[in-house]
Amino acid sequence: MNTMVKWIGGATAAVVLAAGGAVLISDRMADDQTEASPAIEDAIPVDPAALTDEKVAGDDAKPAASATPDADERFVVKRILDIPGPIKYGQYFWDDKDVPDGPLVMTVDLDARVLSVFKGGYEIGAAAVLLGTDDYPTPLGTFPIMSKERHNVSEKYGNAPMPWTMRLTNDGVAIHGGSNVENGYASHGCIAGPDEFVSKIFAIAKPGDKVIITRGETMTKGDSII
């Protein structure tokens, strides 16, 4: 596959099989709602000097050049995982070998149904995930991780286990494990991934790290993630 272009939500779209209506299991709650199968398939900071009437000595004809601060480079895509084909439900990829230290950013694409993990601009992980339905939608936007709970249960949905919870909103939307990530299943708005994958994220994520949820957007190497 072309690793130069990717869904913002992950390295590739999740495989969607023909069978099954949506059954809410992120919190282990059944629901009769049927969810349609998804299809397979930055602003440059301005140099303050350039905004003044001051002139650069010896170069009256040229304004001061603007430059992107070094800090922004931490959020520029430097690598996209080379994943051979669509990610199947329950499958994940992880490769952080020799990746330099850097800030963690996660992206989720509601169309591709994929969560992708970037460290310093390098994609280190990607997996197919369960998302919400029309009745229980997963919200769009940028959300910081508010808190983490290793052994969490959902009081709202019959104490359903939600291990490795990373809360994104005050009303309960979170990234977590504890669900069967299979075609025909959905969540109550959360982002539920394979346990091994979510546990790897939990081990390195911290409060304040950003999760960007989009729908059908793409980016290439050299683009800004945030």
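Q: Which exposed residues does helix 1 carry on the face turned away from its buried side?
A: They are Glu196 and Ala203. Exposed means over 50% relative accessible area, buried means under 20%, and partly exposed lies in between (1.4 Å probe, protein chains only). The model is predicted: local features need pLDDT of at least 70, side-chain atom pairs count only at pLDDT 80 or more, and totals for chains, interfaces and linings use all residues. Residues are numbered from 1 along each chain as its sequence is written, and side-chain values use heavy atoms, leaving out hydrogens and water.

Q: What are the buried residues of helix 1, and how do you know that they line one face?
A: Phe197, Val198, Ile201 and Phe202 are the buried ones. Look down the axis of helix 1: these residues fall within an arc of 135°, so they line one face of the helix. The arc is taken from the directions that run from the helix axis to the C-beta atoms.

Q: Why are strand 8 and strand 14 said to stand at the edges of their sheet?
A: The sheet is open, with four strands in the order 8-11-12-14 and mixed pairing. Strand 8 (147–149) and strand 14 each have a single partner strand, so one side of each has no neighbour in the sheet. Strands pair when DSSP finds at least two bridges between them.

Q: How many bridges join strand 11 to strand 12?
A: Two bridges link strand 11 (residues 165–167) to strand 12, and the two run antiparallel. Arginine 167 has alanine 174 in strand 12 as its bridge partner. Helix 1 (residues 195–204) packs on this sheet and touches strand 8, strand 11 and strand 12. Contact means heavy atoms within 4.5 Å.

Q: Why is histidine 176 called buried?
A: Its relative accessibility is 0%, under the cut-off, so histidine 176 counts as buried. Histidine 176 belongs to strand 12 (residues 174–176). An unreviewed UniProt entry places the feature "active site" at His176 and Cys190. Such annotations may be inferred rather than shown by experiment.

Q: What makes cysteine 190 buried?
A: The value for cysteine 190 is 4% relative accessibility, so the residue counts as buried. Cysteine 190 lies in the loop between strand 13 (185–186) and strand 14 (191–192).

Q: How do you know that strand 15 is largely enclosed by the rest of the structure?
A: Count its residues: four of the five in strand 15 (residues 210–214) are buried, so the strand is largely enclosed. Strand 4 (residues 104–109) joins strand 15 through five bridges and runs parallel to it. There, valine 108 pairs with isoleucine 213. Strand 7 (residues 141–144) joins strand 15 through four bridges and runs antiparallel. There, threonine 142 pairs with isoleucine 212.

Q: Is threonine 133 buried or exposed, and where is it found?
A: The relative accessible area of threonine 133 is 6%, so the residue is buried. Threonine 133 is in the loop between strand 6 (122–128) and strand 7. The C-alpha atoms of threonine 133 and serine 187 are 7.0 Å apart, although 54 residues separate the two along the chain.

Definitions and conventions. Axes fitted to C-alpha atoms, helices over the stretch in contact; angles between N-to-C directions.
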